[in-house]
Amino acid sequence: MIKFHPSEQQLVLYAAGELSPAMLMMVGTHVDMCKQCQAQVQDIEEQMARKLFGENNFADYQANSLDSKTHDAMLAAIFASTAPVAEPSPPQPHDNLLYLEGKRFTLPATLARNSHRIGDWSRLPGKLWRASVDIGAEQSLNFIYMGEQSTVPEHTHKGNEATLVINGVFSDEQGDYKDGDFVLLDGAHKHSPHTTHEDCLTIAALDAPLHFTTGLSRLLNPFSSLFFK
């Protein structure tokens, strides 16, 4: 059961298409996985439509309400409005499977429709792997895979860090996070994510590098943007 959700404000901005590219993809993926938020987004969209079109034209809106193609077009327009950091790869057929080290993960619909944006996996210290998602914007979006018995050193955030669990379980000082859980942290929080007997695939959006706070891991701070862009 999903315990952690985007805020109502984030869902309103998602329905209006007013989130950043990274957060639009993050919240959209959570909505793919969460029936509760699907219903809430549908209600928000209906309220927006009633306000915009009035009751007389609401039936027409319902017949043409936002579907997956509309959200794809919304994402494409946002990506096109920002200067790309590299020549974009040509779109490839949708692939709802992600592979790593002999493991296979099923991607929710929003990520599957953007699978051509997923880069190669690179290995990080401590049983961690990262694959970037090309969103052509200042905010970064990465898949982070944590093997069993792995730990990310304690850190805080110079900006905001949004994390969504795609598959598996990770824990920190505040609790356990499972499939579909969405967590948003800022500089007021510090934590040390870790796994125990189960691995975990997450997707994370950062608008500034992590800042490690304990032990030798603090030596990584000048290079943290290289590991968690």
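Student: How do the axes of helix α2 and helix α3 come together and cross?

Tutor: Start with the general idea. Two packed helices are described by the angle between their axes and the distance between the axes. Now the case in this predicted model. Helix α2 spans residues 21–33 and helix α3 spans residues 35–53. Their axes come within 6 Å and cross at roughly 115 degrees. Angles of 65 to 115 degrees count as roughly perpendicular, and α2 and α3 are therefore roughly perpendicular to each other.

Student: Which residues make the contact between α2 and α3?

Tutor: From α2 come His30, Val31, Asp32 and Met33. From α3 come Lys35, Cys37, Gln38 and Val41. By class, this contact of α2 with α3 has four nonpolar, two polar and two charged residues.

Student: How do the axes of helix α1 and α2 cross?

Tutor: Helix α1 covers residues 8–16. The axes of α1 and α2 come within 10 Å and cross at roughly 105 degrees. α1 and α2 are therefore roughly perpendicular to each other. Gln10, Leu11 and Tyr14 of α1 meet Met23, Leu24, Val27, Gly28 and Val31 of α2. By class, the contact of α1 with α2 has six nonpolar residues, two polar and no charged. Note Val31 of α2: Val31 is in the contact with α1 and in the contact with α3.

Student: Which residues of the largest nonpolar core touch the most other members?

Tutor: A nonpolar core is a set of buried nonpolar residues joined through side-chain atoms within 4.5 Å. Here the largest has 38 residues. Trp121, Leu141, Phe143 and Ile203 touch the most other members. Helix α2 gives the most to this core, with seven residues.

Student: What is leucine 141 in contact with, leaving aside its neighbours within four places in sequence?

Tutor: Its partners are Ala22, Met25, Met26, Ser132, Val133, Ile135, Ile203, Ala204 and Ala205. Ile203 is itself among the core residues that touch the most other members. There is also a second, separate core of eleven residues, including Leu124, Tyr177, Leu185 and Cys200.

Student: How many aromatic pairs are there?

Tutor: For each pair, read the distance between ring centres, then the angle between planes. The count comes to four aromatic pairs. In one, tryptophan 121 and phenylalanine 143 lie 6.4 Å apart, centre to centre, with 55 degrees between the planes. That pair is tilted. Tryptophan 121 is in strand β3 (residues 118–124) and phenylalanine 143 in strand β5 (residues 140–146). They are 22 residues apart, and the pair links distant parts of the chain. Burial comes next. Tryptophan 121 is buried, with a relative accessible area of 19%. Phenylalanine 143 is buried as well, at 0%. Elsewhere, Phe4, Phe170 and Tyr177 form one aromatic cluster.

Student: Where does glutamate 101 lie, and what is its phi?

Tutor: Phi of glutamate 101 is near 50 degrees, a positive value in a residue other than glycine. Glutamate 101 sits in the loop between β1 (97–100) and β2 (103–106). It is exposed, with a relative accessible area of 57%. Glutamine 149 also has a positive phi, near 55 degrees. Its place is the loop between β5 and β6 (155–157). At 48% relative accessibility, glutamine 149 counts as partly exposed.

Student: How many helices and strands are in the protein chain?

Tutor: Seven helices and twelve strands. Of the 229 residues, 46% count as buried. Take the contacts with a separation of 6 or more: residues 24 or more positions apart account for 65% of them.

How values were computed: Residues are numbered from 1 along each chain as its sequence is written. This is a predicted model: local features need pLDDT of at least 70, side-chain atom pairs count only at pLDDT 80 or more; totals for chains, interfaces and linings use all residues. Side-chain values use heavy atoms; hydrogens and water are left out. Rings of Phe, Tyr and Trp (its six-membered ring) pair if their centres lie within 6.5 Å; planes under 30 degrees apart count as stacked, over 60 as edge-to-face and the rest as tilted. Helices (H or I, at least four residues) and strands (E, at least two) are DSSP runs, numbered from the N terminus. Buried means under 20% relative accessible area, exposed over 50%, partly exposed in between (1.4 Å probe, protein chains only). Axes are lines fitted to C-alpha atoms, for helices over the stretch in contact, and angles run from 0 to 180 degrees between N-to-C directions. Angles under 35 degrees count as roughly parallel, over 145 as roughly antiparallel, 65 to 115 as roughly perpendicular and the rest as oblique. Contact means heavy atoms within 4.5 Å. Ala, Val, Leu, Ile, Met, Phe, Trp, Tyr, Cys and Pro count as nonpolar, Asp, Glu, Lys and Arg as charged, and the others, Gly among them, as polar.
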